[in-house]
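Hello,

Here is the structure for you to open and look through. My notes on it follow below.

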Amino acid sequence: PDDEVVRSGRGSVRFDLPTIEPETQPFWDGAAEERLVIQRCGACGVWQYYPRPFCKVCWSEDVAWVEASGAATLYTFSVVRRNDLPPFGDRVPYVAAVVDLAEGPRMVTEVVDCDLDAVEIGMPLTVTFRDLESDGLKLPVFRPA
Ligand code: ZN
C-alpha cells in the first residue's frame with residue numbers, strides 16, 4: 001500500500017507538508033512571517049520545542065509563544081544522498097541536521113546554503129525560511145551564520 005502512494009504520487013503527493021494542529025498553529029503562523037516562534041514558560045523561563053500545552057520542566061500551563069533569536073549551533077548532521085519520498089528526491093544531496101537553538105531547545109531541521117564539505121559540528125547557524133509553495137507555508141531551516 002505504501003508503494004502505491006509513492007508510485008502514484010510523484011509530483012502530486014508530498015511528504016514535506018506539516019499537519020497543522022491548534023497546538024502548532026502559532027509556530028506555522030510565525031514561520032509564514034519568517035519569524036522563528038517557540039514556547040517559553042512564564043513561570044520558570046525555560047524555552048521549549050516541540051510545542052506542548054505545559055512547561056516540560058515545571059509543568060506550568062503558563063507557556064507563551066515568543067520569537068527566538070534564530071541563532072543556533074550544529075549539534076549533528078547527515079548528508080542525505082537518497083530519499084524516494086517526494087519532493088525530497090529532487091533535493092539530494094541535502095543536509096539533515098539537529099541544531100541547538102541559542103535559547104536551549106534542540107530542533108530537527110536542515111542546513112542549507114552551505115557546501116557539503118564545509119558542514120561541521122559546532123558551526124554557528126542562523127535561521128532562514130524555505131517557501132513550501134503551499135498556502136503561504138514556510139519552513140524554518142538554517143544556514144551558516
Ligand atoms: Zn516552567
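Salt bridges and a zinc site

Asp16 and Arg91 form a salt bridge, with 3.0 Å between the closest N and O atoms; the term means a side-chain nitrogen of Lys or Arg within 4 Å of a carboxyl oxygen of Asp or Glu. This pair links distant parts of the chain, 75 residues apart: Asp16 is in the loop between helix 1 (2-9) and helix 2 (25-32), and Arg91 is in the loop between strand 4 (71-80) and strand 5 (94-101). Helices (H or I, at least four residues) and strands (E, at least two) are DSSP runs, numbered from the N terminus.

Before going on, note that this is a predicted model, in which local features need pLDDT of at least 70 and side-chain atom pairs count only at pLDDT 80 or more, while totals for chains, interfaces and linings use all residues. Residues are numbered from 1 along each chain as its sequence is written, and side-chain values use heavy atoms, with hydrogens and water left out.

Asp16 also meets the side chain of Arg14 in a salt bridge, at 3.0 Å from N to O. Is Asp16 buried or exposed? Asp16 is buried, at 11% relative accessible area, where buried means under 20%, exposed over 50%, and partly exposed in between (1.4 Å probe, protein chains only). Its two partners are partly exposed: Arg14 at 32% and Arg91 at 23%.

By the rule above, the count of salt bridges is eight. Another of them joins the side chains of Glu34 and Lys138, at 2.8 Å from N to O. Glu34 lies in the loop between helix 2 and strand 1 (37-41), and Lys138 lies in strand 8 (residues 138-144), so this pair ties together parts that are 104 residues apart in sequence. Glu34 is partly exposed at 44%, whereas Lys138 counts as buried at 18%.

The other item is a zinc ion. Which atoms coordinate the zinc ion? They are the SG atoms of Cys41, Cys44, Cys55 and Cys58, at 2.3 to 2.4 Å. Donors are N, O and S atoms within 2.8 Å of the metal (3.2 Å for Na, K and Ca); water is not among the atoms, so sites may look incomplete. Along the chain, the donors have the spacing C-x2-C-x10-C-x2-C. The arrangement is tetrahedral because the four donor atoms subtend angles of 104 to 119°; four donors count as tetrahedral if all angles lie between 85 and 135 degrees. Cys55 is buried at 0% relative accessible area, and Cys58 is partly exposed at 35%.

Regards

Conventions: Four donors count as tetrahedral if all angles lie between 85 and 135 degrees; four count as square planar and six as octahedral if opposite donors are over 155 degrees apart and all others between 65 and 115; anything else is irregular.
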